[in-house]
Amino acid sequence: MTAIGAQFRLMRAGWIFAREGVVAALPGDQLDGMPRFVWRIGRWLARPRARSRDRATRIGRAIERLGPSYVKLGQFLATRPDIVGAELAGDLSVLHDRMETFPIADARLAIEESIGRPCQDIFVDLHEPVAAASIAQVHPAVILGPDDRRHKVAVKVIRPGVRRRFFNDLESFFLAARMQERLVPATRRLRPVEIARTLAQTTRIEMDLRLEAAALSELAENTLDDPGFRTPAVDWERTGRDVVTMEWIDGIKMSNVAALRESGLDMSALATCLIQSFLRHAMRDGFFHADMHPGNLFVEPDGTIVAVDLGISGRLGLRERRFLADILYGFITRDYRRVADVHFEAGYVPKQHDPASFAQAIRAIGEPIHGQSAETISMAKLLTLLFEVTELFDMETQPQLIMLQKTMVTVEGVARTLDPHFNMWQAAEPVVREYLTKQLGPQAVLTDARSGMDAALGLLRQAPVLAARAEDLSREMDAMMENGLRFDSRTAEAIGKAEAGHTRWGRVALWIVAASAVWIAIQLS
């Protein structure tokens, strides 16, 4: 039944996209067969008023009607020009995660259920919300500290019913991804199901505010000695699954560039600090803030950047961190053969391709960028070109790098709003060089040796268990060779019932879809 519900929700989304003129705005002149027929139907269904709007406005209105899940999906796809194309990614990038606020009474109820205490015992005062997004909203509040003094805090509260709505819409996203893999073989390289799984996982994490509090705490520990960057302190006593309480930040939002300039801060230094902080987090720690848009970044009077709203974070293993550093350093130093070799060493490009040919393609990306002035050297452009080249060499999408790519493009965009002449490569070079020096030096050799020893000791500890399992497996294989492979009656009966059930519900779903199509046709006639 959940599959049938997902089909209906997907049909509703298609209907809304068609009525708001989104389908009509998509390039369909080069389509053939059924896709072209569906595109023509979508153009015919568009509202007359929708046809007069630009594509970005049409998309924004459709996603607003579809709700918070589609806002998140749109923001996610805005970072993936390899999937939706550069133009459509640009249209999606204007989506804002701003929603209507919900009543403060619902917020109080969520706080009390999550923490298990009356709201008046938790806060001296809880004010009306000052910001609302698709998943939660933020309230200013006042608490009594250990010194009996009043302190202002920020209280983030989950939106009522948001988990069920996201769960239902995610089913539709998975259905669409599976259909895309089955019906459009050329897109299998992009792993649409894996991308949907990444979106689902990050959304689930974002909806447990205890995990956001833990992420803030971890990032605070990692950056304790870093210059010019910090995160707000978490109040764990007033934090639960549906609420997180943290230090109130008095600073200027990075989105308010005019106020930052009027404050007399060094805008170029701010941009450099932002880029270098992100690269340190990604390469040194393997843990980074993955939603660093200007609305989530504040600047204090002394120039310290404070990152808030850590619902989305990214992690990189040692292999991915070294890959990132090698790629960036290879482009900085114009060592394109090294960039190509790193792709092959990581297993991202199939072995049947020629590394020299791949290096030639990488050179075609890097040389034009190095020939440009500082203000036009764009990481977003580099990633777009890299996606086009890697497709020629059958490189599959790497889910573990999706968040990294998304955040890197966002951070670069913020830095350029602060300083239009900002040179990302010049700012990144010291951090990348420092990381590679540590990774390739004696300390890195000792670290790798220690990791190898730990793995070997772990294997030795498991040796008795592995030997016992091998003995059991050998005994079972001997019995199989002697008696043959058999199914008992209960196994055969269970398989039969399962197959019958799938067939029956598949027929029901087809009849319901057909009936819905007939009903829509009657309504339109």
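In what order do the strands of the open four-stranded sheet stand? The order is β5-β11-β10-β8, and the pairing is mixed. The model is predicted: local features need pLDDT of at least 70, side-chain atom pairs count only at pLDDT 80 or more, and totals for chains, interfaces and linings use all residues. Residues are numbered from 1 along each chain as its sequence is written, and side-chain values use heavy atoms, with hydrogens and water left out.

**View A. The open sheet β5-β11-β10-β8.** Strands (E, at least two residues) and helices (H or I, at least four) are DSSP runs numbered from the N terminus; two strands pair if DSSP finds at least two bridges between them. The edges are β5 (229-230) and β8 (252-253); each has a single partner strand, so one side of each lacks a neighbour in the sheet. Two bridges link β5 in the parallel sense to β11 (residues 305-307), with Phe229 opposite Ile305.

**View B. Helix α15 against the sheet.** Helix α15 (residues 267-285) lies across β5, β10 (297-299) and β11, and runs at about 45 degrees to β11. Axes are lines fitted to C-alpha atoms, for helices over the stretch in contact (heavy atoms within 4.5 Å), and angles run from 0 to 180 degrees between N-to-C directions.

View C. Leu260 counts as buried because its relative accessibility is 0%; buried means under 20% relative accessible area (1.4 Å probe, protein chains only). Beyond its neighbours within four places in sequence, Leu260 contacts Ile252, Lys253, Met254, Leu265, Met267, Val299 and Leu418. Its C-alpha atom is 10.0 Å from that of Leu270, ten residues apart along the chain.

View D. Nine bridges pair β3 (residues 136-144) with β4 (residues 150-158) in the antiparallel sense, and Ile143 stands opposite His151. Five residues separate the two strands of this hairpin; in the turn, Asp148 has a positive phi of about 60 degrees. β4 also runs antiparallel to β7 (residues 243-247), joined by five bridges, with Ala154 opposite Met246.

**View E. Helix α16 (residues 318-333).** Buried residues of α16 include Phe323, Leu324, Ile327, Leu328 and Phe331. Just after the helix, Arg334 takes a positive phi of about 65 degrees.

Conventions:
The expected span of a helix is 1.5 Å times one less than its number of residues. Buried means under 20% relative accessible area, exposed over 50%, partly exposed in between (1.4 Å probe, protein chains only).
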